Amino acid sequence: EKLELVDGKVNWKGETAVKHKHGGLRAALFVLLAFAFENLANLHLAVNLTTYFNGILHFEVSDAANALTNFMGTGYILSIIFAVFADTYIGRFKSILISGSVEFLGLALLTAQAHYSSLRPPPCNVFDPTSRCEKLESSDTVFLYVALYLVAAGMAGIKASIPSHGADQFDEKDPREAKTMSSFFNGLLFALCIGGAVSLTLYVWLDDHKGWDVGFGVSAIAMFLALIVAVLGWPLYRIHVVQGSSVLLELIQVFVAAIRNRNLKLPENPLELYEIDKDKEAALEDDFLPHRDVYRFLDKAAIKTASEKPNPWKLCRVTQVENAKILLGMTPVFACTIIMTLCLAQLQTFSVQQGLTMDTTIVGSFHIPPASLPIIPVVFLIFIIPFYDQIAVPLLRKVTGHVTGISHLQRIGVGLILSSISMATASIMEVKRKSVARDHNMLDALPVLQPLPISVFWLSFQYFIFGIADMFTYVGLLEFFYSEAPQGLKTVSTCFLWTSMALGYYLSTILVQIVNRATKHITNSGGWLAGNNINKNHLNLFYLLLALLSLVNFCVYLFVSSRYKYRSKN
């Protein structure tokens, strides 16, 4: 009977969770379904908000792109704060409920602003150079950003809590459950794609054809359903017990202690460094890490001084220090993935603006909204994920002898070089699009109303290539962080991916502003990306710049990854 109990997990009544009754794949399905509904609610915002900002709220194209990337970046960077808050104070399941409620509130406020004309400027064609479109009033701008960043905060909490709460339904020490947990992470990406596929098609169509109030409204309904599904699984969950201490805080203590002890001399024997007694702390047997002779300056955080009382900000145990070393070792890999999200941001902003100028006809009178173009890699991923997991990996395993077919770092590298190819392809496609506009004397054509005689599906090449890159790098990065992180860091490690994406979005905002300022006096448009007429901009050169930056970043990654030493699992 003792073997049936799950250590460190409780049921909804606060009693110790029992195997075969709580957790497992049955409970995880509720988590996956809730995650699918959450992505259904917000993924269309990532690709279509620029159209709302530009066409309805009268932002300039570059300002609309920056508003979106700032929103997305905030939604990712806040995940770290929510992860710490969930682990230390309220728990992961409660964090999901609170975050979901906050996101629902933000979507409801966006619905209200889109519905009531008093909260937005009067209709106006921003693409008509003779029109004088009014901007948002100050109070309405405040209303917009409050609603927008409530959604961002809710998204952050969901991203921080859903993966770890789902993983809590499995016992890593049980080989059978550990295998199922691996399938859960694949299912997490699959759920994102399923929810995203509907969001990028149906919801984008509702935005563009039935009104933004309808689009935001159905998003709020989807978010409400996500909360309902999450609550329905409550009696089945294994709920993580709040530890009362934050691993991230312990890492900060290591760096602070190392700085405070910088003048102390390291002992020749590492065994003289501070560590708790294993015999007295038998429950923490799995949490002990051996000392490694790397990043020795951090070892100063574990130097014992008899004259002072133990202070966590001046004396840390060796395992704490080793956790910090692992994190420091992974940082260069983490930094090399930021550029890829910078490229992703352009597919969600400027590529959508490209699509607005092109022929969106599919069959007869049926048109695809430009913002729905990311459905191409999403649909592809729905099929390629099972193929890669069930067929490609076993074949690669026979060739390489590696358990996962190829190493995590190799998988990340494949995605990074593909992102560079995607941006080069985007540059070529933009040259083709502008040449069509020039040849047909349509450089001043109004987007949507006067589409260029070139199909929007020419843009599918850059989306398709980046979709493959997405599967390799982002999933590989998640697996890398999760597998390399020690037990105490696995929860926070899932947020490293979101942090990388956040920094990429913020970097996109900064790069757009730098490029516009640097090219302001050398272009007729006042900058490569300035103004609302994308036909007279130099987006092709911007894409080429991103392709070159990505290529340089890949070369740096080759150097970094070749020097990385995988952590021993023993």
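Colleague: How do α1 and α3 sit relative to each other?
Modeller: The two helices, α1 and α3, are oblique to each other (under 35 degrees would be roughly parallel, 65 to 115 roughly perpendicular, over 145 roughly antiparallel, and the rest is oblique). This is a predicted model, where local features need pLDDT of at least 70 and side-chain atom pairs count only at pLDDT 80 or more, while totals for chains, interfaces and linings use all residues. Residues are numbered from 1 along each chain as its sequence is written, and side-chain values use heavy atoms, leaving out hydrogens and water.

Colleague: What angle and distance separate the axes of α1 and α3?
Modeller: The axes of α1 and α3 (residues 92-115) cross at roughly 40 degrees and come within 12 Å. Axes are lines fitted to C-alpha atoms, for helices over the stretch in contact, with angles from 0 to 180 degrees between N-to-C directions. Helices are DSSP runs of H or I with at least four residues, numbered from the N terminus.

Colleague: And which hand is that crossing of α1 and α3?
Modeller: α1 passes α3 in a left-handed crossing (the near helix is turned anticlockwise from the far one by less than a right angle; clockwise is right-handed).

Colleague: Which residues make the contact?
Modeller: From α1 come Glu38, Ala41, Asn42, Leu45 and Tyr52, and from α3 come Glu103, Leu107, Gln113 and Ala114. Contact means heavy atoms within 4.5 Å. By class, the contact of α1 with α3 has 5 nonpolar, 2 polar and 2 charged residues (Ala, Val, Leu, Ile, Met, Phe, Trp, Tyr, Cys and Pro are nonpolar, Asp, Glu, Lys and Arg charged, and the others, Gly among them, polar).

Colleague: Now α1 and α6: how do their axes cross?
Modeller: The axes of α1 (residues 24-56) and α6 (residues 212-232) come within 8 Å and cross at roughly 160 degrees. That makes α1 roughly antiparallel to α6. The crossing of α1 and α6 is left-handed, and the residues in their contact are 19 nonpolar, 5 polar and 1 charged.

Colleague: Switching to the largest nonpolar core, which residues touch the most other members?
Modeller: Those are Leu49, Phe53, Phe71, Phe350 and Phe542, in a core of 138 residues. A nonpolar core is a set of buried Ala, Val, Leu, Ile, Met, Phe, Trp, Tyr and Cys residues joined through side-chain atoms within 4.5 Å. With 13 residues, α1 gives the most to this core.

Colleague: What does phenylalanine 53 touch?
Modeller: Not counting residues up to four places away in sequence, phenylalanine 53 touches His58, Phe59, Ala64, Ala67, Leu68, Leu144 and Leu148. Apart from this core lies another of 19 residues, including Leu200, Leu381, Ala392 and Val475.

Colleague: Next, glycine 405: where is it found?
Modeller: Glycine 405 is in the loop between α11 (375-400) and α12 (408-439).

Colleague: Buried or exposed, that glycine 405?
Modeller: Glycine 405 has a relative accessible area of 0%, so it is buried (buried is under 20%, exposed over 50%, partly exposed in between, with a 1.4 Å probe and protein chains only). Beyond its neighbours within four places in sequence, glycine 405 is in contact with Val393, Leu396, Arg397 and Thr400. Its C-alpha atom is separated by 6.6 Å from that of proline 394, 11 residues apart along the chain.

Colleague: Last one, threonine 141: what is its relative accessibility?
Modeller: Threonine 141 counts as partly exposed, at 25%. Threonine 141 belongs to helix α4 (residues 138-167).
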